[in-house]
Amino acid sequence: MAERRRHRKRIQEVGEPFKEEKAVAKYLRFNCPTKSTNMMGHRVDYFIASKAVDCLLDSKWAKAKKGEEALFTTRESVVDYCNRAEAELVQ
């Protein structure tokens with residue numbers, strides 16, 4: 001019983017994502033092609049990771065503005081960004 005309480009408290013300690021991370025997630029949600037399936041009687045939408053990487057490489061974060069550096073320059077930079085965001089959510 002004590003483990004449940006401790007786990008619930010740990011989940012609450014996780015902070016909100018940064019403004020930029022929210023914007024990237026929202027962009028992926030509405031612009032990345034998804035597929036639908038039924039899993040144990042529930043409708044589930046999912047996407048393919050390679051399509052998400054392609055989608056982010058075509059986004060505004062892949063194009064550099066004057067005086068700023070592009071957030072995504074290569075496929076590896078997109079993968080690193082997504083892995084870093086996931087690691088922050090897990091901790």
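Is F18 buried or exposed? F18 is exposed, with a relative accessible area of 56%; here exposed means over 50%, buried under 20%, and partly exposed in between (1.4 Å probe, protein chains only). The structure is a predicted model, in which local features need pLDDT of at least 70 and side-chain atom pairs count only at pLDDT 80 or more, while totals for chains, interfaces and linings use all residues. Residues are numbered from 1 along each chain as its sequence is written, and side-chain values use heavy atoms, with hydrogens and water left out.

**View 1. F18 in the loop between helix 1 and helix 2.** Helix 1 covers residues 2-13. Helices are DSSP runs (H or I, at least four residues), numbered from the N terminus. The C-alpha atoms of F18 and A85 are 9.7 Å apart, although 67 residues separate the two along the chain.

**View 2. The aromatic pair of Y27 and W61.** The whole structure holds 2 aromatic pairs. Rings of Phe, Tyr and Trp (its six-membered ring) pair if their centres lie within 6.5 Å; planes under 30 degrees apart count as stacked, over 60 as edge-to-face and the rest as tilted. Y27 and W61 are edge-to-face, at 5.6 Å centre to centre with 85° between the planes. Y27 lies in helix 2 (residues 19-31) and W61 in the loop between helix 3 (49-57) and helix 4 (75-90), so the pair ties together parts 34 residues apart in sequence. Y27 is partly exposed at 23% relative accessibility, whereas W61 is buried at 14%.

**View 3. The aromatic pair of F72 and Y81.** This pair is edge-to-face, with 5.2 Å centre to centre and 85° between the planes. F72 is buried, with a relative accessible area of 1%. Y81 is buried, with a value of 7%.

Note on methods. Helices (H or I, at least four residues) and strands (E, at least two) are DSSP runs, numbered from the N terminus.
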